[in-house]
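Let's walk through this model together, starting with the whole chain and ending at a single side chain. Keep the view open as you read.

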Amino acid sequence: MRMYNGGKDIRKTRNPGVDGGGQMKKEIGEAIRSIRLSKGITATYVAKKLGYKSVSSYTRIEKGETDVTLERAKQIADILHCDVNDFFTHGLRETRSTA
């Protein structure tokens with residue numbers, strides 16, 4: 001279902017950021033994947049716990065190809081036994097530890 005604002009598709013008129021939010025989605029997805037792998041948890045396991053019928057639906061989040069809501073991020077954090085904030089600060093910690 002599309003929402004319209006004065007005859008314009010809202011998805012085309014909003015401005016989530018300079019890059020359209022794509023870089024943020026990618027960074028969050030990479031953090032989720034990195035944390036998942038560091039804990040030895042499979043994408044299949046996470047996908048099933050989230051109720052996805054296919055693993056590819058879940059891995060699209062890790063690839064930054066689809067938006068992740070705060071609620072979904074919290075669910076993923078619970079499955080990975082971490083804090084949702086880790087998805088936003090993961091890259092910062094890796095940068096600091098290599099500096």
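Of the contacts in the protein chain with a separation of 6 or more, what percentage comes from residues 24 or more positions apart? The share is 54%, where contact means heavy atoms within 4.5 Å. Before going further, please note that this is a predicted model, in which local features need pLDDT of at least 70 and side-chain atom pairs count only at pLDDT 80 or more, while totals for chains, interfaces and linings use all residues. Residues are numbered from 1 along each chain as its sequence is written, and side-chain values use heavy atoms, with hydrogens and water left out.

The chain holds 6 helices and 2 strands, and from the N terminus on they run β-β-α-α-α-α-α-α. Helices (H or I, at least four residues) and strands (E, at least two) are DSSP runs, numbered from the N terminus. Of the 99 residues, 28% count as buried, that is, under 20% relative accessible area with a 1.4 Å probe, protein chains only.

Now look inside. The largest nonpolar core has 18 residues, and Ile32, Val46, Tyr58, Ile76, Leu80 and Phe87 touch the most other members. Such a core is a set of buried Ala, Val, Leu, Ile, Met, Phe, Trp, Tyr and Cys residues joined through side-chain atoms within 4.5 Å. Two or more residues each come from helix H2 (22–38), helix H3 (43–50), H4 and helix H5 (70–80), with H5 giving the most, 5 residues. Leaving aside neighbours within four places in sequence, Ile32 is in contact with Tyr58, Ile61, Glu62, Ile76, Leu80 and Phe87.

Just after H5, His81 takes a positive phi of about 55°.

After H4 comes Gly64, with a positive phi near 75°.

Finally, zoom in on Thr59, which lies in H4 (residues 55–62). Thr59 is buried, with a relative accessible area of 17%. A polar atom of the Thr59 side chain lies 3.2 Å from the backbone oxygen of Ser56.

Conventions: Buried < 20%, exposed > 50% of the residue type's maximum accessible area, 1.4 Å probe, protein only. Polar contact = N/O pair within 3.5 Å; in protein donor to acceptor, adjacent residues only side chain to side chain.
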